[in-house]
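Here are a few exercises to work through with the model open in your viewer. Try each task before you read its solution.

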Amino acid sequence: MHATSLVVWALPDIVLSVTIAILLIACRFIILHKLRPSIVNSWRTMKPRKASRVVLLNERDEVLLIRAQDLLTPTHQWWMTCGGGSELGESAAQTAARELAEETGLECEPGELIGPLATRDDVFKFTEKSLHQHETYFAFRTSEDIELEDAVWTDIEKRSLLEFRWWTREELMTTTETIYPKNLLHLMDLVTAGSVPDVPLVID
């Protein structure tokens, strides 16, 4: 058989192989597109990162909030309470006390914290990574000035935390800024009223 005949007979096989490859790619794309909602929902079923946060109030019942930014999208900014992730073996209160000291320089014993007031589950993106975080909220009152030179920040915190300032209740009610948690005013009311729930509230 001549070489030209072999090429002619081989062409249908090549076309078939290419067609199958294209169909497989198309099927994979369709499957991934259909499963995308399930993938998003699976973020909520992955093991959450434990964290503790502190609603820090001064003598004027103002709350200290931190303005933060996403390192890869600096225009994405928000305000939040003090706090951060738990270290191995820590209780929620121990994490809250440690994070308060590291971020603000204020030191307290875990037993001096008010609460826990509430818990919050959230799935969010930071530096293009999706994180599932379970947060426990405490409160603490201080008459001391915040001395940030006493704070111990990680490299990421130094680059992502932009500003600390005290907010009044009126400012929180009228601001258009993004503030977490959304139920912050209610948590502040619990503290000022001296009303700690027997069971932590579940908040957004």
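Buried means under 20% relative accessible area, exposed over 50%, and partly exposed in between (1.4 Å probe, protein chains only). This is a predicted model, where local features need pLDDT of at least 70, side-chain atom pairs count only at pLDDT 80 or more, and totals for chains, interfaces and linings use all residues. Residues are numbered from 1 along each chain as its sequence is written, and side-chain values use heavy atoms, with hydrogens and water left out.

**Exercise 1.** Find where Asn58 sits and what surrounds it.

*Solution.* Start with the elements: helices (H or I, at least four residues) and strands (E, at least two) are DSSP runs, numbered from the N terminus. Asn58 falls in the loop joining β1 (49-57) to β2 (63-69). Next, check accessibility: at 6% relative accessible area, Asn58 is buried. Then look for polar contacts (N or O atoms within 3.5 Å; within protein, one must be able to donate a hydrogen and the other to accept it, and residues adjacent in sequence count only if both atoms are side-chain atoms). A polar atom of the Asn58 side chain is 2.9 Å from the backbone nitrogen of Arg60. Finally, take contacts (heavy atoms within 4.5 Å). Beyond neighbours within four places in sequence, Asn58 is in contact with Arg141, Thr142 and Trp166.

**Exercise 2.** Work out which residues touch the most other members of the largest nonpolar core.

*Solution.* A nonpolar core is a set of buried Ala, Val, Leu, Ile, Met, Phe, Trp, Tyr and Cys residues joined through side-chain atoms within 4.5 Å. The largest one has 19 residues, and Leu100, Leu113 and Phe140 touch the most other members. Two or more residues come from each of β1, β2, β3 (77-80), α2, β6 (129-141) and β7 (161-167). Helix α2 gives the most, with 4 residues. Now zoom in on Leu113: not counting residues up to four places away in sequence, it touches Ala93, Ala96, Ala97, Cys108, Phe138, Ala139 and Phe140. Apart from this core lies another, of 18 residues, including Val63, Tyr137, Leu187 and Leu190.
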